[in-house]
Amino acid sequence: MKVLRIMLLLLVASFAAEIEAQDKRAKADIQTVRLAPNRFSQLPKAVVRDLEKRSCLIPQSYLWNKRHNVLRGEFKRQGQKDWAVLCSKNRKSSVLIYWNGSSRGVSKIASTEDKDFLQTIGDGKIGFSRIIGIANAKYINDHYESYGGPRPPKISHNGINDIFAEKASEVLYLHRGKWLKLQGAD
C-alpha cells in the first residue's frame with residue numbers, strides 16, 4: 001500500500017509539473033510581441049492595408065530588438081521586388097508573399113502555430129523564436145553541400161529562410177510554380 005501511495009504522489013507531482021510547463025508556454029505565446037503592420041514604414045501602403053484587412057500582426061523574436069519578419073527580395077524571379085511578411089493571426093503564423101508589392105494574388109505558405117516556435121531562453125523564460133530571412137544562391141548551395149537534403153534546382157532568385165532561432169532553418173524556394181523545401185541551417 002505504501003509503494004502504491006508513493007507512486008500515486010509521484011504521478012500527481014509529474015502531472016502538476018506538466019500543467020505548470022503548459023501554462024508557462026501558453027503565457028509566453030500570449031506575451032509574444034506582435035506588431036501592427038503600420039509599424040513597418042518600409043512596407044508599401046497596399047501591403048499594409050491588406051495585412052490590416054487580414055488582421056495580421058507581425059511577431060517578433062526574443063533575439064532582436066530591431067523590428068523584423070518583413071523582407072524585400074526577389075522570390076519569384078530576378079529583378080522583381082517582392083515582399084514576404086510573417087503574419088500572425090490568432091497565434092498562428094504564415095509567410096505571406098506580396099508579388100511585386102501588390103496585394104493581388106498573395107501567396108500564403110508555411111503556416112504553423114506560434115507556440116511551435118517557443119523555446120526556453122534562460123532563467124526559466126520562454127521566448128518566440130521564428131524569424132524569416134533572405135536565402136540567396138550562395139546560402140542555398142553552401143547549405144546543400146554542407147548538410148545534404150533535397151538537391152536544389154539552379155538558383156535564379158532568392159528563397160525565404162524560415163528560421164527556428166538557434167536551432168535550424170528551412171529554405172522555401174519557388175521553382176516552376178511550386179514551393180520547395182530546401183536545406184537550411186542544421
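**Reading the terms in this model**

Reader: Why does S169 count as buried?

Author: Its relative accessibility is 11%. Buried means under 20% relative accessible area, exposed over 50%, and partly exposed in between, with a 1.4 Å probe and protein chains only. The 11% of S169 falls under 20%, so the residue is buried.

Reader: What do these values rest on?

Author: The model is predicted: local features need pLDDT of at least 70, side-chain atom pairs count only at pLDDT 80 or more, and totals for chains, interfaces and linings use all residues. Residues are numbered from 1 along each chain as its sequence is written, and side-chain values use heavy atoms, leaving out hydrogens and water.

Reader: What makes the link between S169 and Y139 a polar contact?

Author: Their side chains are joined at 3.3 Å. A polar contact is a pair of N or O atoms within 3.5 Å; within protein, one must be able to donate a hydrogen and the other to accept it, and residues adjacent in sequence count only if both atoms are side-chain atoms. The side chain of S169 also reaches the backbone nitrogen of A185, at 2.8 Å.

Reader: Which strand holds S169?

Author: S169 is in β11, residues 168-175. Strands (E, at least two residues) and helices (H or I, at least four) are DSSP runs, numbered from the N terminus. β11 belongs to an open sheet of 4 strands in the order β9-β10-β11-β12, paired antiparallel.

Reader: Why are β9 and β12 called edge strands?

Author: Each of them pairs on one side only. Two strands pair if DSSP finds at least two bridges between them. β9 and β10 are joined by 6 bridges, so they meet that condition. One of the residues involved is A135, whose bridge partner in β10 is G159.

Reader: How does helix α3 lie relative to β11?

Author: α3 lies across β9, β10, β11 and β12, and runs at about 120° to β11. Axes are lines fitted to C-alpha atoms, for helices over the stretch in contact (heavy atoms within 4.5 Å), and angles run from 0 to 180 degrees between N-to-C directions.

Reader: Why is the pair of W99 and W179 called stacked?

Author: The ring centres are 6.2 Å apart and the planes stand at 25°. Rings of Phe, Tyr and Trp (its six-membered ring) pair if their centres lie within 6.5 Å; planes under 30 degrees apart count as stacked, over 60 as edge-to-face and the rest as tilted. Both values of W99 and W179 meet the limits, so the pair is stacked.

Reader: Is W99 buried or exposed?

Author: W99 is buried, at 11% relative accessibility. W179, at 25%, is partly exposed.

Reader: What makes the pair of F117 and F164 tilted?

Author: Their centres lie 5.0 Å apart, and their planes are at 45°. F117 lies in the loop between β6 and β7 (118-122), and F164 in β10; both residues are buried.

Reader: How do you know that the charged end of K167 sits over the ring of F164?

Author: It is 5.8 Å from the ring centre. A charge sits over a ring if NZ of Lys or CZ of Arg is within 6 Å of the ring centre and within 35 degrees of the ring normal. The charged end of K76 likewise sits over the ring of W99, 5.2 Å from its centre.
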